[in-house]
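The following exercises concern selected local features of one protein chain.

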Amino acid sequence: MIKAKVSLRPIVSKLNLPTVLKTAILPGDSIERLFIATQVGEIFYIGNGVIRTLLDIRPRIIKLGVSSGGYDERGLVGLAFHPQFYYNRLFYLHYSVAGTQGPGALPGAFESFKPNPCDPRTLSQRWTNRETQYEHIDTVEEWILQSNGQPQRRRTLLNLRRPFLNHNGVNSLNFSPETGKLVLTTGDGGSGYDPFNLSQDDMEIAGKIIEIDVAKNTFIDNPPIVTRFNELPVAIQETLTVIAKGVRNIPGISYQRFYNRYIKYAGNVGQDLVESIFSFIQYKPIPVTQLVQAYLMNSEIDQEGFINFGWRGWEGAFPTSIITGCSANPALTQKTMAYYDEAVKTSVQRLLPLISYFHEDPRTDKFKATALTGVQPYMGNEIPAISGNVVFTDLARAKESQLPVRGALAYTRIRTDCKLNDFSVIETDYNFGSQSAYYVSLGTNLNQTRLYLGVYGSTKVADANQGTVLEIVP
C-alpha cells in the first residue's frame, strides 16, 4: 500500500476531551459546520472561525474521573443529527446520567477481572441484583433545536443500566443512510473479558449494534431503566432491531457508498492482542420483538446472516487469550485460550474482520497498537493516497521510547475477497511539541471528503482543556 503523508491543520484548541466530531447544516443556514461534542457534556460548533455553544449539559453528566484516578469512559459519548435536521431540528444524545453512580457489578478495579480456565466459576459469572449492583445509568435522548435557537429535550428513547465504568461505546450514535434509523452502538458493559458474556446473549442490550426507529412514537416519555430487551415495554421493543452482536467496545459505525449499496464499518477495541475493524454489506437484522418471543418460548431463532463479531470467544481474528508471565522464565509467557468452548461455538457463526492490527508488531513500518478510537471512509480527492480507503485512529503508539506519547493514523483498503487485510501508517508533519497527543476521535463531513481528528494531551478526562481538533489536509 502507498505511504501516505498528510498535514494537520488546527481548528480549535483548549477544549475538553472531544468525543464526537460531525458536521451538520443548521436550520436556515447555508453552510456545513463542524460540531464538537466533549466528554464532559458540551457541544460546540464552528462558524466563520468563531466557536459557539449549541448546548451545555454538564450538570446532566455523571461526575467524571472520580472513581478511577481521572480516567473515564463515561460522559457524553454520542451525538447524531437527524437526516432531516435542517427541517425538523431533531438531534440525539447518548450520555451517562448525573447522580446515578452505583457500586459496580463486581468488586475490584474496573478492568481487573480475568477468567481462569481452571476455575469454572470465573467462566460462568452471572450479573445478579442488577437494580443495586450496577455502575451507572446511560440514557439515549431526542432533543429539538427550538426556533429561538435554544435546544430542548423532547423524549428519552432508552435508559440503560451499565455494570462497569468502561465500554459504553464512543461516537455511539449515527444515522443509517440505508434505513434512515438511528444506530446505537453499545460496548459489552465493561471490565475486562466480558465477565457476564453479555455480548453473546441475545437478550442483553450490551455488546450490540441496534437500530432505533425514531419515526415511531412509543408515547412513553421516560422508559424504565433496563439491561435486557425483554424488560422493555412492547411499544419500545417494536422500535428496535439488532444488527450485530459480539461487540467488545466500539468507536461507532460508518457507512461508505458503494454503487447503490453501503459498506458498513465497525471497529472493535481489543483486549490484549489486537484491534479489529469489521466490514459488511449484506446483513439480516433481527427485530427485538422476535428475539424476545424466541426467548419466552425457549426456542432458537434463525441467525443465518445475522452479524456476529465473535467476542468474547474471539478477539478479532484470534481466539481470546490470557497472557500470563512464567515465574520460572520471565522471557516466556503462557498463553491460554480464555474461553475455549465459546471460541469453538462461535467460530463458524462469526464474521471475519477486515483487519486486525497488533499490540505487538515487530515490523518497522507499523506501530504497536493501544486502542482503536475511530474508523471513517475517506471519499475526497485532495489526499489521493487514501482516497476511497478506510482511515482509522489509534489512541497511542505503544511506548517505543520516552518521547511524548503520539496517537497513530493509518488506513486500509476495502476488500471484497474476505481475506485479512494489512494497513499502512499515515505520516503526519504536525509538531505537538513536548505535549502528549492521544488521538481520541475521528470525524468526517457529510459527504466524507474531509477528515477531522480529535487529540487530547492526557488520558484523564479530569485533566481539563487539553483538547485540540485538527483537520487532516494534504
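**Exercise 1. A serine in a loop**

At 1% relative accessibility, Ser191 counts as buried, where buried means under 20% relative accessible area, exposed over 50%, and partly exposed in between (1.4 Å probe, protein chains only). The model is predicted, so local features need pLDDT of at least 70 and side-chain atom pairs count only at pLDDT 80 or more, while totals for chains, interfaces and linings use all residues. Residues are numbered from 1 along each chain as its sequence is written, and side-chain values use heavy atoms, with hydrogens and water left out.

Task: State where Ser191 lies and what its phi is.

Solution. Step 1: Ser191 is placed in the loop between strand E11 (182–185) and strand E12 (209–212); strands (E, at least two residues) and helices (H or I, at least four) are DSSP runs numbered from the N terminus. Step 2: phi of Ser191 is near 60°, a positive value in a residue other than glycine.

**Exercise 2. A lysine with positive phi**

Task: Determine whether Lys14 is buried or exposed, and in which strand Lys14 is placed.

Solution. Step 1: Lys14 belongs to strand E1 (residues 4–15). Step 2: although Lys14 is not a glycine, its phi is positive, at about 60°. Step 3: Lys14 counts as exposed because its relative accessibility is 67%.

**Exercise 3. Surroundings of Thr227**

Task: Identify the side chain with which the side chain of Thr227 makes a polar contact.

Solution. Step 1: the loop between strand E13 (225–226) and helix H3 (234–237) contains Thr227. Step 2: Thr227 has 5% relative accessibility and therefore counts as buried. Step 3: its side chain makes a polar contact with the side chain of Arg130 at 2.8 Å. A polar contact is a pair of N or O atoms within 3.5 Å; within protein, one must be able to donate a hydrogen and the other to accept it, and residues adjacent in sequence count only if both atoms are side-chain atoms. Step 4: not counting residues up to four places away in sequence, Thr227 touches Trp127, Arg130, Arg161, Met203, Glu204 and Ile205, contact meaning heavy atoms within 4.5 Å.

**Exercise 4. Surroundings of Gln376**

Task: Find which backbone oxygen the side chain of Gln376 reaches.

Solution. Step 1: Gln376 is part of strand E25 (residues 372–377). Step 2: Gln376 counts as buried because its relative accessibility is 7%. Step 3: the backbone oxygen of Leu442 is reached by the side chain of Gln376 at 3.3 Å. Step 4: leaving aside neighbours within four places in sequence, the contacts of Gln376 include Asn171, Ser254, Asn389 and Leu442.
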